[in-house]
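Visitor: I'm new here. Could you walk me through how to read this one?

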Amino acid sequence: MFHPQPLNFVLTPATEANPALAVAACRAGAVGLFNAELGANASVIEGALEQLAARGNGEFGIKLGAEYDELLKRLPEWHEQGLSWLVLAADEAGKILRRRPVQAFRKAGGRVLLELRRWQAEYPELESRCDGWWAKGHEAGGLVGEECSFVLLQRVLGQATLPVWLRGGYG
């Protein structure tokens, strides 16, 4: 899907089971993302996706860790209900991007962003299997790298050919 205007993403806190923030973001014209990167169980994630599909009024997404095998299998099904974005940690993405459900999700029009905390030499080879980068500087919450968003953004833009979004503050 072509986006003529810049996209804004709103991510729920990692340990928050309530997707209300992501729902509100969708209703306001942003992309609401449910953050399931830290230990949310499958029923909580499925409930959040159901709420986003029913109440979000727009594109929504999810940030998943590699441990969610069963949920990854359901990506094509969730795409039919409005899931448009999948965010994965770039460090774990090599094996996940090769999986059939992720490929089917992308083929159906879903977008995959890879979140990175630092640029690594092997990342350019992942560009053919994703749709963009989500740079996370040390101003963002959670596990971060050493560089601030401003420096990390310059590094990524100098190496990447895909679109880049920032997670967290920049200045």
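Guide: Let's begin with strand E2. Both of its faces are covered: Val31, Leu33 and Asn35 are buried on one side, with Gly32, Phe34 and Ala36 buried on the other. Buried means under 20% relative accessible area, exposed over 50%, and partly exposed in between (1.4 Å probe, protein chains only). Helices (H or I, at least four residues) and strands (E, at least two) are DSSP runs, numbered from the N terminus. This is a predicted model, where local features need pLDDT of at least 70 and side-chain atom pairs count only at pLDDT 80 or more, while totals for chains, interfaces and linings use all residues. Residues are numbered from 1 along each chain as its sequence is written, and side-chain values use heavy atoms, leaving out hydrogens and water.

Visitor: Which strands pair with E2?

Guide: Two strands pair if DSSP finds at least two bridges between them. Here E1 (residues 9-11) and E2 pair in the parallel sense over 3 bridges, with Phe9 bridging to Val31. E2 and E3 (residues 60-64) also pair in the parallel sense, over 5 bridges, and Ala36 has Leu64 as its bridge partner.

Visitor: Where in helix H6 are the buried residues?

Guide: In H6 (residues 100-107), they are Pro101, Val102 and Phe105. They cover an arc of only 100 degrees around the axis, so they sit on the same side of H6. That arc is taken from the directions from the helix axis to the C-beta atoms. On the other side, Arg100 and Lys107 are exposed.

Visitor: What follows H6?

Guide: Gly109, whose phi is positive, near 110 degrees.
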